[in-house]
Amino acid sequence: MKTKVDTFLANLESWQQELTHLRKILLDCGLTEDFKWMHPCYTYKGKNVILIHGFKDYCAILFNKGALLSDEHNILIQQTENVQSARQIRFTNISEIKKLEAVIKEYIYEAVEVEKAGLKIKLKKTSEFEIPEELALKFKENPEYKKAFKSLTEGRQRGYLLHFAQPKQAKTRTSRIEKYTARILAGKGLHDCICGLSKRKPNCDGSHKTIKNFKLN
């Protein structure tokens with residue numbers, strides 16, 4: 001029976017060979033395959049351990065708790081300075097994956113042991129995140145916006161703070177804040193479903209793309 005991962009891989013325009021091989025490695029390590037966040041996800045006893053995904057210039061295996069791995073080979077990459085937990089191993093061709101296959105499995109087995117031990121990453125509290133100047137100004141100008149933002153869950157607030165602070169240019173930060181104003185006032189998180197069609201509520205699964213002229217704010 002064809003799975004969602006089979007369909008995902010079959011429809012890839014790039015990184016098909018690489019992600020297919022990474023999939024084989026992960027299944028060889030005894031992990032359970034699922035499909036979450038629109039990508040193949042690999043779990044241990046229901047706990048998310050690893051995701052595989054492709055970008056423009058590279059594909060990667062992402063360890064959900066990569067910050068806890070020993071990284072003896074110094075190959076783990078933190079996507080941005082704001083990513084607290086996940087870490088990637090990146091590849092640009094199938095040869096790199098095959099060459100590192102034994103090492104990749106070492107990291108996978110260690111990631112499983114981290115999950116077995118129930119280890120947790122101590123995340124920064126929302127109050128410890130810096131509020132972008134542009135967002136502070138928005139709070140001052142619009143008390144209702146500030147109230148709505150503060151009413152969001154801690155996780156949703158952190159998601160927005162990281163997203164708003166990421167651009168280097170002030171005008172881009174301001175643009176992002178304005179873009180998500182309606183979503184925040186509606187009590188929705190950065191990745192929450194707002195079209196009502198998602199099968200993974202409250203998360204968005206991309207179903208809005210089936211609606212013609214749907215505007216995602």
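## Helix 5 against helix 6

Helix 5 (residues 133–141) packs on helix 6 (residues 143–151) with the two axes 5 Å apart and at an angle of about 115 degrees, in a model that is predicted. On the side of helix 5 the contact involves L135, K138, F139, K140 and E141, and these residues meet P143, Y145, K146, F149 and K150 in helix 6. Sorted by class, the contact of helix 5 with helix 6 holds five nonpolar and five charged residues, with no polar residue.

## Helix 7 against helix 8

The contact of helix 7 with helix 8 comprises three nonpolar, one polar and two charged residues.

## Helix 2 against helix 4

Helix 2 (residues 16–28) packs against helix 4 at an angle of about 50 degrees, and the axes of these two helices lie 10 Å apart. Because angles of 65 to 115 degrees count as roughly perpendicular and those under 35 degrees as roughly parallel, helix 2 and helix 4 are therefore oblique to each other. The crossing in which helix 2 passes helix 4 is right-handed.

From helix 2, the residues that make the contact are H21, L22, I25, L26 and D28, while helix 4 supplies E101, I104, K105, I108 and Y109. By class, six residues in the contact of helix 2 with helix 4 are nonpolar, three are charged and one is polar.

## The cavity and its lining

Helix 4 also takes part in the lining of a cavity, to which it gives three residues, the largest share. When the whole structure is searched, one cavity of 30 Å³ or more is found, and the volume of the largest cavity is about 50 Å³.

The residues that line the largest cavity are N48, V49, F63, N64, K65, G66, L69, A111, V114 and E115. Strand 3 (47–54) and helix 4 (101–116) are the elements that give two or more residues to this lining. In terms of class, the lining of the largest cavity divides into five nonpolar, three polar and two charged residues.

Note on methods: Residues numbered from 1 in each chain as written. Predicted model: local features only at pLDDT ≥ 70, side-chain atom pairs only at ≥ 80, totals over all residues. Heavy atoms only, no water. Nonpolar A, V, L, I, M, F, W, Y, C, P; charged D, E, K, R; others polar. 1 Å grid on protein atoms, 1.4 Å probe; cavity = no way out; pocket = protein on both sides within 12 Å on 5 of 7 lines; lining within 4 Å. Points joined across faces, edges and corners; volume = space filled by probe spheres on them. Helix = DSSP H or I, 4+ residues; strand = E, 2+ residues; numbered from the N terminus. Axes fitted to C-alpha atoms, helices over the stretch in contact; angles between N-to-C directions. Parallel < 35°, antiparallel > 145°, perpendicular 65-115°, else oblique. Left-handed = near helix turned anticlockwise from the far one by under 90°. Contact = heavy atoms within 4.5 Å.
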